[in-house]
Amino acid sequence: MFSLEILQFYWWFIVSLLGGLLVFMMFVQGGQTLIFSLAKNELQKDMIINSIGRKWELTFTTLVMFGGACFAAFPLFYATSFGGAYWVWLAILFCFILQAVSYEYRKKPDNFLGVKTYEIFLYINGSLGVILIGMAVSTFFSGSDFMLNERNFVDWQTPWRGLEALANPMLYLLGLAMFFLSRIGGALYLINNIDDEELRANARKAVLKNTILFLPFFLAFLFWILTKDGFEYDANGVVTLSKYKYSLNLVKMPMIALAMTVGVVTVLYSVFKGAFTKSIHAIFPYGLGVVLVVTSLFLITGLNNTAFYPSFSNLQSSLTIKNASSSHYTLNVMAYVSLLVPVVLGYIFVVWRAIDSKKITKEEIKNDQHAY
């Protein structure tokens, strides 16, 4: 049996890894926002939606796994965030409902809303849904406006229940960075999955354009978190503000700093391959790079005595991997259950290979006008 501290570290790593995988899988959302800019006719639009529509269930599977891991390993965080900031989470859920409905009904006979309406729904999911998730993750660095009472019941200090984050301009940095990053991933995936030279040429231009838009927001986000005060707790669990906390976390945990650096370089390499070469495989180094960077960002919010879900209205209500985790017994039992994670990842890999074994062509879409 492992110690409680090791299990808490282990489960925070699992949550962080699932967060990284989720952000990578958001290339589906990014692809949805490219429908109107890449497609020059209805056939190309069908090819794009058919391509990314085959992967949206995998994104949702990863999202469910991320939420399930938070619920099992850090139930106090799950209750505080999802139970307190419920308006922002309901908005995110609504965006994903729009996605599922759109893929189901876009080309159904007697569609009284019209095809265009469901395409707009897909754009809303790929834009608003991604930006809101990015802003929600940003609160790990900025803090949220809540208090916990002696029974650990959350008392949100504003009636906006999470939507007050929209008033913080710094939180838009990661939200918009994730939006443009998902569009980069979407374009790279379409290059890989669709056998059409005109679409591939347009997608390569989209990779470069969205990279130019992504970098300022991402670099500004990094500058913000690496220069701001962080939330540190001592051996007694007392939380205080600490200068340059997240920068110091990278210095004190060089392996995480190395992983983040490798991830950034790998993403830039994938952009180069996708935008300036004839390669159709840039989506794979892109995925590796995104997972490394996002996992590293999650890790520096929770390790090295850092409160990963801080409260700026009451520092001592801040959540850490120690005070928010499940019991030793639960974490130990769930550690064995987590051995199924590779099985799920293997399932994603096998399904991905099976779906993408044959590239999408105009002829295929013409023969299946009711796809998605």
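At what angle do helix 4 and helix 8 pack, and how far apart are their axes? The legends below start with that pair. This is a predicted model, in which local features need pLDDT of at least 70, side-chain atom pairs count only at pLDDT 80 or more, and totals for chains, interfaces and linings use all residues. Residues are numbered from 1 along each chain as its sequence is written, and side-chain values use heavy atoms, with hydrogens and water left out.

**View 1. Helix 4 packs on helix 8.**
Helix 4 spans residues 42-53. Helix 8 spans residues 115-142. Helices (H or I, at least four residues) and strands (E, at least two) are DSSP runs, numbered from the N terminus. The angle between helix 4 and helix 8 is about 45°, and their axes are 13 Å apart. Axes are lines fitted to C-alpha atoms, for helices over the stretch in contact, and angles run from 0 to 180 degrees between N-to-C directions. This angle makes helix 4 oblique to helix 8. Angles under 35 degrees count as roughly parallel, over 145 as roughly antiparallel, 65 to 115 as roughly perpendicular, and the rest as oblique. The crossing of helix 4 and helix 8 is left-handed. A crossing is left-handed if the near helix is turned anticlockwise from the far one by less than a right angle, and right-handed if clockwise. Glu-42, Lys-45 and Ile-49 of helix 4 meet Val-115, Glu-119 and Leu-122 of helix 8. Contact means heavy atoms within 4.5 Å. The residues of this contact divide into three nonpolar, no polar and three charged. Ala, Val, Leu, Ile, Met, Phe, Trp, Tyr, Cys and Pro count as nonpolar, Asp, Glu, Lys and Arg as charged, and the others, Gly among them, as polar.

**View 2. Helix 8 crosses helix 9.**
Helix 9 covers residues 171-193. The axes of helix 8 and helix 9 come within 7 Å and cross at roughly 140°. That makes helix 8 oblique to helix 9. Their crossing is right-handed. Helix 8 brings residues including Tyr-123, Gly-126, Val-130 and Ser-142 to the contact. Helix 9 brings Leu-171, Gly-175, Phe-179 and Arg-183, among others. The contact residues divide into twelve nonpolar, eight polar and one charged.

**View 3. Ser-142 sits in helix 8.**
Is Ser-142 buried or exposed? Ser-142 is buried, with a relative accessible area of 14%. Buried means under 20% relative accessible area, exposed over 50%, and partly exposed in between (1.4 Å probe, protein chains only). Leaving aside neighbours within four places in sequence, Ser-142 touches Asn-168, Leu-171, Trp-224, Lys-228, Phe-231 and Phe-312.

**View 4. Helix 11 meets helix 12.**
Helix 11 covers residues 245-252, and helix 12 covers residues 254-276. Their axes come within 5 Å and cross at roughly 100°. Helix 11 and helix 12 are therefore roughly perpendicular to each other. Leu-250, Val-251 and Lys-252 of helix 11 meet Pro-254, Ile-256, Ala-257 and Met-260 of helix 12. This contact has six nonpolar residues, no polar ones and one charged.

**View 5. Phe-82 pairs with Trp-89.**
The structure holds 32 aromatic pairs. Phe-82 and Trp-89 form a stacked one, at 4.5 Å centre to centre with 25° between the planes. Rings of Phe, Tyr and Trp (its six-membered ring) pair if their centres lie within 6.5 Å; planes under 30 degrees apart count as stacked, over 60 as edge-to-face and the rest as tilted. Phe-82 lies in helix 6 (residues 75-84). Phe-82 is partly exposed at 27% relative accessible area, and Trp-89 is partly exposed at 22%. Leaving aside neighbours within four places in sequence, Phe-82 contacts Phe-77 and Trp-89. Elsewhere, ring pairs link a cluster that includes Trp-12, Phe-66, Phe-74, Phe-77 and Tyr-309.

**View 6. Asn-305 and Ser-326 lie in the loop between helix 13 and helix 14.**
Helix 13 covers 283-302, and helix 14 covers 328-337. Asn-305 has a positive phi of about 55°, although it is not a glycine. Most residues other than glycine have a negative phi. Asn-305 is partly exposed, with a relative accessible area of 34%. Ser-326 is buried, at 11% relative accessibility. Leaving aside neighbours within four places in sequence, Ser-326 is in contact with Leu-4, Ala-72, Ala-73, Phe-74, Pro-75 and Leu-331.
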